[in-house]
Every structure is written in C-alpha cells, then in structure tokens.
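Dear colleague,

I am handing over the structure we spoke about, and below it you will find my notes on what turned up. Please read them with the coordinates open beside you.

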Amino acid sequence: MRLFLALASLRRHRSRTMLATAGVAIAAALLLDMVMLSGGMRASFGNLLTAQGFQMRLPPRGTLPFDTEATIDGAGEIIAMLRQKSEIIAVSPVLGATVRTTRDEHPVTAFALGIDPSVQGDYRMESGRDATDSSSLVANVEFLHAAGLQLGDTITLAAGYNPQLRAFTGTRALTIAGRARFIYLSTGQPAVAMPLRSLQAMSGHLKDDAVSVFMVRTRPGADVEAIARWIQGTIPRVDAVSTAQALAKVDERLSYFRQLSFILGAVSLIVGFLLTTTLVTVSVNDRVGEIAVMRAIGVSRAHVVHQVLLEGTAISLGGALLGLALGLVTARWLNTILSSFPGLPAAIDFFLFQPRAAWTALGLLVLSGIAAGIYPAWRAASLPVARTLREEAVA
Amino acid sequence: MTKPLIAGDAPIVSARDVRRDYPLEGEAVHAVRGVSLDVERGEYVAIVGPSGCGKSTLLNLIGAIDTPSGGTVSIAGRDPSAMSDREVTRFRLEHIGFVFQRFYLMPILSAAENVELPMAERGLDKQERRARVRELLAYVELAGRARHRPTQLSGGEQQRVAIARALANSPDLLLADEPTGELDARTGTDIIALFERLNRDGTTIVVVTHDEQLARAARRVIHMRDGIIVHDEVLRAIA
Amino acid sequence: MLLLLLALQLPTIAIDQRLAADAKLRVGDVVVVSAKPGGEGDSVRVGAIIGRPADPSEVARSEYRVRMHLESLQSALGYGDRVDRFAVATRDSTATTDALKRINEAAFGFHAHRSRDIAVGTSETFHVVSRFHRAIGVITIVASAIFLLCILLLKVDERRRDVAALRLLGISRASVMRSVVIEAAFIAALGSAAGVGIGWAVSAIVNWHYQSVYRTPLRFSIVTPEIILLAVSLSLVLGIAAGVLAARRLVRTPPLALLGR
C-alpha cells in the first residue's frame, strides 16, 4: 500500500514529477559520463598497451617511447642481454622513422616502423603476407590510398633528403606484401612496416644498430616491476617502462580530465540530491492536511516516512535509468570530440563503459535520492496533528 | 458495528480537570480550562457552543490527537499521555474513529481504498480487508460507488465514505468534528440519520457541532463556553 | 683558483627553473652535457636559469629544457652545420608575405611558413579541449534550464492558494504573472551575481591549483567581461523564461481548481 500511495502521489502531479525525473536523468547522465571519463582513458590505454602481450617498453633513457628522435645503439647486444633473463620470453626491437615517396609528383609521407616480423607487436595483418624479407613491406590502407597503390606494387621509399643534391637519400625499392592495421597510430596516419635491417640501412642507423624502443614480453606470473628494475640497473642507456608506469605517466598527462570528471561528477550528485529533496519537500508541503489526517486515523510515523522516502527513491531510480541511456549517448558524442586529439592512437577511448563503475555511480545517485527524502520525511512525520488540522481547516 | 453496550460498564472516556493552553505572542490562550466529564459506552454526546469555546480542542484531547496541559484523559481505561507516540498512534488506529468536517479523504484513492487504509495499516490480510470494506460501504449505502474517487462523489457521499473509514477497525469510540459543516441541509439530514443508526447499533459517538438538528439527535448535549462546561443535559437516557 | 679559471672558460648553458630546482643546480655550477645517455659529453657551466614560458603546449610535458650555443649543440649531436629551423623576423606583414614568396621560390629541402599558420596547426590539441569544454557547457546549460524550470514550477505551484485568493479578489492574470515573473527575474539576477562571484573565485582556485601542479605561469582559466556578459545574460533569460512558464501554468488554471474544488 505504501508503494502504491507513493507512486499515486507522484502520478497526481505528472508534469512536476516528469520534470524532476528529467532533471535527475540529466544529472545521472553527466555523472555516468564523468565516471566513464575518469576510468575510461586509463582502462582503454591499458588495454591498448597489453593488446599484443608486451608488458614493458624500453625507450632511450630519459624519454618516453617515440616522444623524441633519440635512439638506442647496439640493439643486438641489448637483445642478447635481455634474453639471458629467463622471465623474458620475447623482445621486439622497433625503429621509427619518416619515409617519403611521391604520387603524381606530390610528396607522400608515412611513418615507418622497422620491426622483427617474428615477434612484432605493432600491427595486425589484414590481407597478404608479412614483410619477412628485405625487399618487402606491409602498409596500412591510409598509405595505400595516399600513394595510390595496392598489394603487389613496388614502390621506392626514401628515408632522408639531401638539400645540396636536391635528392632523396636512403632509398630502397620495396614490394607491398601485405596490408595491416597499425595498433598504436592515430586515425588517418599513413604507415608502413619493414624488416628492421631494411629501415636501419635506409635511415643510416645500420652501423649503430640503432632502434627507437624495445617491447618486452614476460612469462605469465613474472614480477614485471622486478624485471624492470633489473633492466634499469643492467642497461644504462634504456629506461624500463612497465604498463603500470606507462599508465601512471598517462594519468599525469591527462590528470586534468580526471579532476574535471571528479568535480563535475560531484556537482551532478549534489544537483540530483537538491532536485529530489526540493520536489519531495514541495510534495509534502502540499499534503500536510492529508498527512495530518493519516496520522489522526492511526497511520504510524514510520509509514509516513516510508511513503515519503519511496517517493524520493522512485524519482531517483526513474531518473537514473533514463540517465543511463542518455549518458551513453552523450558519452559517444563527447568521445568523438576528444578522440580527435592529434597524435592519439585511434584505439583509445576517453569514455569507456565499465559496468561496475557505472552501476556504482548510479547506485550512489539513487542512494542520494533516498537521502534527499529524509528531511522532508522527517518533517512530514513530525507534524503536530491537531495544530495542522486546525491550520488546514482555516486555510 | 462496535462492542455491545452494557449498562454499568466503566466510562469509555473519563476526563478530569483537563486543561489545554496555547502560547500566543507571549501570552497563554486557555482553550480548555478544567473540564471534567465521563462518556459511557453507547452514549451519543453532542458538544455545542460558540466558536472559540474550546469544543474542537476538547474533542482532540478526547481523541488523543492532542495532549492536555493539565488534568487527565482516560480512554477505554488507558491514559494516552503516558504512551509513546507510536503507542498513541496505534491506540488511535485500534480504538478511535475520526470524522472531520472536510472529509479529508485521500484524493488519489478510491472510496474502497480509503476505507481499506486503516485496516491495511493494522495489518489485516487482504481478503479480510476487502470483505470488511464491502460490509462497511453497504452499511453507509455506497456499495455501488466503491471504485469512485472522492472527486467523483458528492459531499454527502464523501462524508459517508469518511464515516465508513472511521469504522474500519471497529473502534470503541467515534469522534466527529462538525460532520455536517460542509453539507447542505438535506445531505446533512442523511448524515444525522446515519449517526443515529450507528448509535442504535451500539457505537459510542461524540460530535462537536453548530448544527442544532445534529445536537438534538444526540442523547446528551454538553454546552461549552470560554473553555468550560456550562451545562450538561441528558435528552434521552441510554435505552 | 685554477679550477675557477678553467670553469670560467667553459662554454655556458641556460637551464630552466624546474631542472635547477630538481637537480639543485645554481648559476656557476659545472655539468656534463652529452647527446646519448651514458655517453661521453662536454663540460659546460650553468650561465643562467630561465623561467618557463606560459606555453600551453609545454604544460603536460615534464621534461627539462636547456639552452646551448648553436655550435655546442651541433657538435654534441654530430649535426654538422645543420639546424632544424630558422625563425625570421620581418619589418611588417607585407615584408613577411614578400619574404615567404621569395624564400619558397628559392628554397630547396625546406619550406617557409608564416608563424601564425604554424600556431594554428600546432594548437589543434587546444581546439579539441575547447570543443570538449563547449560540449560540457552545452550539457550544463541544458541541465540548468531543466533544473531551474523544475524548481521554479515547484515553488510557484506551492503558492497556488495565494494566487487563487488573489484571482478571486479580482486581481488580473496579467498582474499575477507580472508579480511572479518579477520574482523570478529577481532570483535570476541574485543568482547570476552570486554565480559571477563564485565563478571568479573558482577560476582563481583552478589557476592556483594547476599552476602549482604543472609548475607553469600559464593561466588555465580566465574570466573576461565577455564571458561574464554571456553567463549573466543566459542565466537571466533562462530564469525569466522559467518564471514565465511557471506563472502561465498557474494563471491559466481556474481559481477554484487551484483551491482543489
């Protein structure tokens, strides 16, 4: 009967109830979006880093992977040292460079990765075959489109340019063996990958056996942080950045969004609370006569409190469910905006739906709705019956 | 409808030197000033007097809606002022029925649901409640209006529903504050007839009224002025 | 004395405040600079400590900045007589256009750009952040409009008996509406004024917080007269509109219905 009375009371003033529920829904949507934002970037980036099973990156000391043009010399020697550690089961050396070609006399630039195809973790093959020999490469669809090429075509790529001679340097003719999707690149960026030695030769890094970064895969259950510390101590020209450390650095760089999400999330909760408490208070004020009569005929304080709390809960619950749908829509919109950050890997989402976090946030909103009903419920239950009846009769 | 009347029983209501004061801008207003009265089981008592004489306040004290500033009120042998709020509320639910001038039905409930409300609060099971609702609505001659909302009922019909609601838990005592105050003369007559029938069937009734016709229908009339009883006359003895 | 003389003869570098603070370096200290970690380097003397500019693109970057003489850096990197870019100052805008044309006609291996065009290209990140802020702003405004309407409707509805009594006395609909709308406008004006004060205070807190977190003089939040005007206008319009909607609902209902009859 109490639930029935609570819902009937809300139905009695439909537009008021709908408006309040809409307000709570927007607060819920914003809260959900902020929860998705606060955890989404980290989770999404973490998923990206571990997508290919590599737990560590080794960039030149003092830098982050591909943050600068610095390189690490003596890649072969370093790989041999790393393989001595039994917990390390794979080491993928990667060299990054910019390569150029022309199409209809217009320059086409692409990001090039020199890799070891047997252990690489930078791309996934979509068609054709991998670049296993020194005269082949794989390219992404953006490069093929920009250069007007298809699988099987041969192309001359250059890694440098001599301004005195006005000529490209470090050229090599390569056959497009396969098409791949590059995992860590931003949307629309043309890219190619070829065997490491090929790119080293083209970019003048062959003598130094230089690479830009190593990716390291460890045995399942291995203590990644301990291995990182061993690498830092043993190989002074590299830093060992575990996934956890990389995430911490990302957190630092994107801390603004986390803080913004916390502040806006808190504001949403407060607004949802205020709206519910205002609606329920007004609803109680409207019905003081009825409530006094109910108390006069023997309805207990607890019943009155339950009924008022149920009204607040119903508004919050309805708003939270509506807000869930609305929040998912607005999150997609906001994610589209933030995903256009230049240089951001296409696979990164700022707004990631994590069920547990989302339900916790919405649960908090519903709880705040219940709490919002406490003050008006207490007021309703504390009405002096006789005086209220007298005042209502006069009114 | 209620417990059978037995002559010689202890009074259902016993008030001794009851006072009720209200603070008003620093001064005390003495709404009830030392009233003593007994109401026997089965009586039909009307309390009359000019506006502001304290009759409604006295009714509220008898109904345990209000607490006396002094003196004692005993209802069915119990002193409500010694009870906690929860106990008093429960006491009202089980022993006292109220009828108000402005009916005070829940507009969101149907006639049947309004009558059912006190029984639901008491914890009666659904079947029992529904059966009693049918019985009560038939008694007040509104069996065909069970599903109607208060806004769909006339004033007289609303008051009859309110009376049925007041009788829901078979109270020891039925209290009515100006029950015909918002009704036209003809409808008021119907309500008066209903009260008479209730009393004949054994219900103890105390009404507060300005309505002479209602007062004459009672067996005993208590006249109040300025917070005290000035005259207490028995029109007809309890049969 | 000899060491001091030797130190004075060393080439000098300038380091940023952050590096000076973290590495506890002072002017006059001698350090070794090398192009590769753990590699051989050159001894240099810290000649100056420079403050970081209020450059938004530097904000999230925690690396240190060092300024060296061009020849020293070229030598350390093995660059030869190579640079990454030239910055060219011209007399005026016409001279810039002319210089751009002549350089690009003769240039080989490099291209001249107007600084403004580079700025537009490199500020894409901030455009994204601006778009994001605007989107949040739009959501907040929509939410605020609904909240305001809801609360005003509730509050005005609470007074329906008063309104019914006034109407029964003969007060016209227009008078009642005027009174409600004036009240709504007053609340909106008060709220706007409070909002400006709160916004200014929050902006100061945001700047203080992020300047200390990122160790930069950059101002992250600025409250300008235009922003104040926009915010106040919007909140006044929303508040008055909500008041009008709420009042209209009330005056359209017959007075007896307002009294529940």
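B:Arg216 and B:Glu212 sit 4 residues apart, about one turn of the helix, both of them within helix H7 of chain B, which covers residues 212-217. In this model, which is a predicted one, their side chains meet in a salt bridge with an N to O distance of 3.4 Å, and both B:Arg216 and B:Glu212 are exposed.

A salt bridge of another kind of setting is found elsewhere in chain B, where the side chains of B:Arg41 and B:Asp172 come to 3.2 Å, N to O. B:Arg41 belongs to the loop between strand S2 (27-39) and strand S3 (44-48), and B:Asp172 to the loop between helix H5 (155-166) and strand S6 (173-177), so this pair ties together parts of chain B that are 131 residues apart in sequence. B:Arg41 counts as buried because its relative accessibility is 18%, and B:Asp172, at 6%, counts as buried too.

In chain A, A:Asp209 forms a salt bridge with A:Arg197, with 3.4 Å between the closest N and O atoms. Since A:Asp209 lies in the loop between helix H5 (196-203) and strand S9 (213-218) while A:Arg197 lies in helix H5 itself, the pair ties together parts that are 12 residues apart in sequence. With a relative accessibility of 16%, A:Asp209 counts as buried. A network of salt bridges also links A:Arg295 and A:Arg301 with B:Asp85, and the search of the whole structure gives 25 salt bridges over all chains.

Turning to the nonpolar side, the largest core has 70 residues, and those touching the most other members are A:Leu37, A:Phe257, A:Leu338, A:Phe341, A:Phe350, A:Phe351 and C:Phe132. Helix H2 of chain A (residues 14-49) supplies the largest share of this core, namely 17 residues. If residues up to four places away in sequence are set aside, C:Phe132 touches A:Leu37, A:Phe257, A:Leu260, A:Leu334, A:Ile337, A:Leu338 and A:Phe351. Another core, of 57 residues, lies apart from the largest one, and its members include A:Ala377, B:Ile62, B:Ile96 and B:Met106.

Finally, there is a nonpolar patch on the surface, formed by A:Phe262, A:Ile263 and A:Val267, which together have about 320 Å² of accessible area. A:Val267 has its place in helix H8 of chain A, residues 255-286, and counts as partly exposed because its relative accessibility is 40%.

With best regards

Definitions and conventions: Residues numbered from 1 in each chain as written. Chains lettered and ligands numbered in written order. Predicted model: local features only at pLDDT ≥ 70, side-chain atom pairs only at ≥ 80, totals over all residues. Heavy atoms only, no water. Patch = residues over 30% accessible without salt bridge, like charges linked within 9 Å, V, L, I, M, F, W, Y side chains within 5 Å. Areas by Shrake-Rupley, 256 points an atom, 1.4 Å probe, with all protein chains shown as cover. Salt bridge = Lys/Arg side-chain N within 4 Å of Asp/Glu carboxyl O. Helix = DSSP H or I, 4+ residues; strand = E, 2+ residues; numbered from the N terminus. Buried < 20%, exposed > 50% of the residue type's maximum accessible area, 1.4 Å probe, protein only. Core = buried A, V, L, I, M, F, W, Y, C linked by side-chain atoms within 4.5 Å. Contact = heavy atoms within 4.5 Å.
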